[in-house]
Amino acid sequence: MMTREEYIESLRKMKLNVYLFGEKIENPVDHPIIRPSLNSLAMTYELAQMEEYKDIMTVKSNLTGKTINRFCHLHQSTEDLINKVKMQRLCGQKTAACFQRCVGMDAFNAIYSTTYEMDQKYGTVYHKRFVEYMKYVQDNDLTVDGAMTDPKGDRGLSPSKQADPDMYLHIVEIRPDGIVVKGAKAHQTGAVNSHEHLIMPTQSMKEEDKAYAVSFAIPSDAEGITMIYGRQSCDTRKMERLHDIDLGNSQFGGHEALVIFDNVFIPNDRVFMCEEYDFAGMMVERFAGYHRQSYGGCKVGVGDVLIGAAAVAAEYNGAAKASHIKDKLIEMNHLNETLYACGIACSCEGQKTAAGNYQIDLLLANVCKQNVTRYPYEIARLAEDIAGGLMVTMPSEEDLRSKEIGHYVEKYFKGVNNVATENRMRILRLIENLTLGTAAVGYRTESMHGAGSPQAQRIMISRQCDMESKKKLAKSIAHIDETKNIQ
Ligand code: SF4
Ligand code: FE
């Protein structure tokens, strides 16, 4: 396994083609806007080296027998699935941000089981190739961007009916030695901090869309790949002279990027689906299921930090003993633990796939993510309620440090007497960061749209909830005899 430093150095060696604010970034690793997201990802390496977290962060590989980072693991039991969620909660607590490495882990597990079933049906060799790829990933402790979402263009049209064929990533050429692909993946979490991109189709496909049924892996610095970094609310604060207080969380963050594939060649040994359109839906459903489970861990860990911040803010404001504040904090915990309960439940009810790795319970994972589209918003609302309006009206760190007016800031923004004004500002800025600033991407809007928008979960819930058996239960209890119905 790599240390934190080795991971950062391994990325520094890559020749990534990254753009931010219209300019090519020669050194993404040390860029002040990008670096906090790299620090979050590096935490997944750092924690794995620590004795106290080794049971949660590391595991024995079923492929090689070696000890690996759990983020590279193919889950072998329901216990593994539970430990995955615990690991994500821990990483969320340590970074208060998206630590980005889960998309790769979720893609590994979805592609591993789907390729096995594809080979069973078609006699292809995708699973064998993927196992070799997984050994390479595990042995080198790589971070992989599991990439699903296409730009999609007109949502009312299928991939092959789009005015621009590149709105969904597709195969443009099949050669004896590999394939050439064109298109893009949008909202790619951690793309710039990843060694590899691992591509999956974005939705189920029909025969006419078979050129879009494609899965493959490619190094992030391969010829033809361009990444355009997504901007976040308050991101340019990171460029200011004094930004430690004003960022709220100056060390950690997350990121997303648009990843463009302009006629990229993929060698055969990295191709895991090539036109088998009838398996696109299975791959999507499994990846989405795992990633919806993931949110029952990561968002809960970040929620722990936000709840703690609200409690500290209440103390610093002198309001901690008010019964309504205590009750709001209880409510925040209740909501947060409900999300965790869903993440754990879908793991406990997991099942072995034909390939041998474990899949979460799809219904419960979708219920988990559906709750995540709501509860973090309510937790954020309560945190803002407790924090008070000062969170969004207080002056900057520059003002606090100013020789002329700093003493006014010190004096008038003091809460309880024994707490330094600076500390009160720090905790309020952390709440601002999580609810409105750079981390709000990960905690709020990503809670809504990440791992699929709310409607995607509702469709899965309707498919998985077995309504017919529930109707039968009701009819039986009510002694309904349907032969009495008018025929
Ligand atoms: Fe991991 Fe959560 Fe970020 Fe997804 S949103 S990559 S599950 S931390
Ligand atoms: Fe996500």
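Trainee: Helices here are DSSP runs of H or I with at least four residues, strands are runs of E with at least two, and both are numbered from the N terminus. With that settled, where is the place of Glu-275?

Mentor: Bearing in mind that this is a predicted model, Glu-275 falls in the loop between strand S12 (271–274) and H8.

Trainee: What is phi of Glu-275 near?

Mentor: Phi of Glu-275 is near 85°, which is a positive value in a residue other than glycine. As background, most residues other than glycine have a negative phi.

Trainee: And why does Glu-275 count as partly exposed?

Mentor: Glu-275 counts as partly exposed because its relative accessibility is 28%, and the partly exposed class runs between the buried limit of under 20% and the exposed limit of over 50%.

Trainee: What about Phe-21, which is not a glycine: what is its phi?

Mentor: Phe-21 has a positive phi as well, of about 50°, and this residue lies in the loop between strand S1 (18–20) and strand S2 (23–24). With a relative accessible area of 42%, Phe-21 is partly exposed.

Trainee: Since S1 and S2 came up, what is the order of strands in the open sheet?

Mentor: The open sheet has 6 strands with mixed pairing, and reading across it the order is S2-S1-S10-S11-S7-S6. Because S2 and S6 stand at the edges and each has a single partner strand, one side of each is left without a neighbour in the sheet.

Trainee: In what sense do S6 and S7 pair, and over how many bridges?

Mentor: Strand S6 (residues 170–175) and strand S7 (residues 178–189) pair in the antiparallel sense over 5 bridges, and the two form a hairpin with 2 residues between them. Within this pairing, His-170 stands opposite Lys-182 in S7, while Arg-175 stands opposite Gly-178 in S7.

Trainee: Switching to the ligand, which residues surround ligand 1?

Mentor: The surrounding residues are Cys-98, Phe-99, Gln-100, Cys-102, Thr-189, His-291, Ser-294, Tyr-295, Cys-298, Lys-299 and Glu-446. By class, the shell around ligand 1 divides into 5 nonpolar, 4 polar and 2 charged residues.

Trainee: Which element gives the most to the shell around ligand 1?

Mentor: Helix H8 (residues 280–317) gives the most, with 5 residues.

Trainee: Last one: what is the space taken by ligand 1?

Mentor: The space that ligand 1 takes is the largest cavity.

Technical notes. Residues are numbered from 1 along each chain as its sequence is written. Chains are lettered from A and ligands numbered from 1 in the order in which they are written. This is a predicted model: local features need pLDDT of at least 70, side-chain atom pairs count only at pLDDT 80 or more; totals for chains, interfaces and linings use all residues. Side-chain values use heavy atoms; hydrogens and water are left out. A residue is near a molecule or strand if one of its heavy atoms lies within 4 Å of it. On a 1 Å grid over the protein atoms alone, a cavity is a set of points where a 1.4 Å probe fits but cannot get out, and a pocket is an open set with protein on both sides within 12 Å along at least five of seven lines; lining residues have an atom within 4 Å of a point. A molecule sits in a cavity or pocket if more than half of its atoms lie within 2 Å of its grid points. Ala, Val, Leu, Ile, Met, Phe, Trp, Tyr, Cys and Pro count as nonpolar, Asp, Glu, Lys and Arg as charged, and the others, Gly among them, as polar. Two strands pair if DSSP finds at least two bridges between them. Buried means under 20% relative accessible area, exposed over 50%, partly exposed in between (1.4 Å probe, protein chains only).
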